[in-house]
Amino acid sequence: MPLSQTIATPAFRTTAETFVSGAKTLPQRYFVSPEVFAEEKEKIFSREWVCVGHQSQVAKPGDYFVAEIADESLIIVRDKRGESHGFFNVCRHRGTRLCQDKNGHLAGAIQCPYHAWTYGLDGRLLGAPHMDEVRGFDKADYSLLAANLALWEGFIFVNLAGAPAPLEKWFAPLAEKFSHWNLPKLRSAKRIEYDVRANWKLIFENYSECYHCPGVHPMLSKVSPYDSAENDLCEGPFLGGFMRITKGNSLTISGNACALPVGDVNAEDFHRVFYYSIFPNMLLSLHPEYVMVHQLWPKSPERTLILCDWFFHPEAAGATDPSYNPDDAIEFWDLTNKQDWHVCELSQQGIASRGYQPGPYSPREKIPAAWDEYYLRIIS
């Protein structure tokens, strides 16, 4: 996926200086080592704010879904007051897994399937059969253990650390940047899960350049020139910018817009698609009439589960929008996604060889080089 060049900002010049000195791809161990993978789970996915979904997935009290982060299972649920929570999926009695389904609706409570301890949607222990016979037992001492949860632009983030920096502080560099896309209001029309036999970092690096687009994505390259990128975020945990869409086209199979605009899109941005990576597991692609979001979930050094959602304005599906045809965009990107995953898998296979050595990045790969630089800073 495409981010190939950068505009001349001070941050870009810093990246360019690094480039002149010879930025190279990461050593082999970062893609194949179980020890490095374990370190990533501990230093990154157990300490950083990680995207787990969108608030529309828990639209009503009792709605829930289960998220897996760094080998931990969490219940994401909306309570009766409309507040969202993240709880470890562990009964406080004998540790039994509480919710077994990936998502669903709870009729006012979470009940353990083993001994029927029952918790409110806010995590409070409501009932524990026969425990009133235990001297000194107080239900208030046995609420579900909570994980840090917060919302950014309608997306749900969780942090497993004890006392992380507030999410508002973490996302301060992006304050108001995406507000006109109405991200909190959007609804997913489709989710596709991809099981990719490649390291999660290769997915980020692939997303962050379009050097590969002419050969890998002929359909995409016809409507979005591979050398048209202008990036405004060029270092740190947030990277990206926009690429041009050929005038009169949309990134759909038909080439036509497939829905109402998602927000207050100005005339110039009708001919742009914005691509941003948000460390450590979110890829945000903003089109005039839809938003595509990838969540990356590393499963092993050589395997990544990717959840891809296509979001549209809730009014787009109504009778007021005769152009609404989400499949037009979904089919376009499903094909493009699969092209990307294929070359990522080929990269993984080659990197695993004893013949692999770090290779030089090209000038069109400044953003992957910047991503590597930030990753190494965090993992070191």
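**View 1. Ser73 and its surroundings.** The side chains of Ser73 and Glu68 form a polar contact at 3.5 Å (N or O atoms within 3.5 Å, one able to donate a hydrogen and the other to accept it; residues adjacent in sequence count only if both atoms are side-chain atoms). This is a predicted model, in which local features need pLDDT of at least 70 and side-chain atom pairs pLDDT 80 or more, while totals use all residues. Residues are numbered from 1 along each chain, and side-chain values use heavy atoms, without hydrogens and water. Ser73 lies in strand 3, residues 72–78 (strands are DSSP E runs of at least two residues, helices H or I runs of at least four). Ser73 is buried, because its relative accessibility is 4% (buried is under 20%, with a 1.4 Å probe and protein chains only). Beyond four places in sequence, its contacts include Phe87, Phe88, Asn89 and Arg97 (heavy atoms within 4.5 Å).

**View 2. Helix 3 against helix 9.** Helix 3 (residues 34–45) packs on helix 9 (residues 366–379) at about 80°, axes 10 Å apart (lines fitted to C-alpha atoms over the stretch in contact; angles run from 0 to 180 degrees between N-to-C directions). The two helices are therefore roughly perpendicular (65 to 115 degrees). Val36, Glu39, Glu40, Lys43 and Ile44 of helix 3 meet Tyr375, Ile378 and Ile379 of helix 9. The contact residues comprise five nonpolar, no polar and three charged.

**View 3. The whole chain.** The protein has nine helices and 17 strands. Its C-alpha trace spans about 70 × 55 × 35 Å along the principal axes. Of the 380 residues, 53% are buried.

Definitions and conventions:
Buried < 20%, exposed > 50% of the residue type's maximum accessible area, 1.4 Å probe, protein only. Parallel < 35°, antiparallel > 145°, perpendicular 65-115°, else oblique. Nonpolar A, V, L, I, M, F, W, Y, C, P; charged D, E, K, R; others polar.
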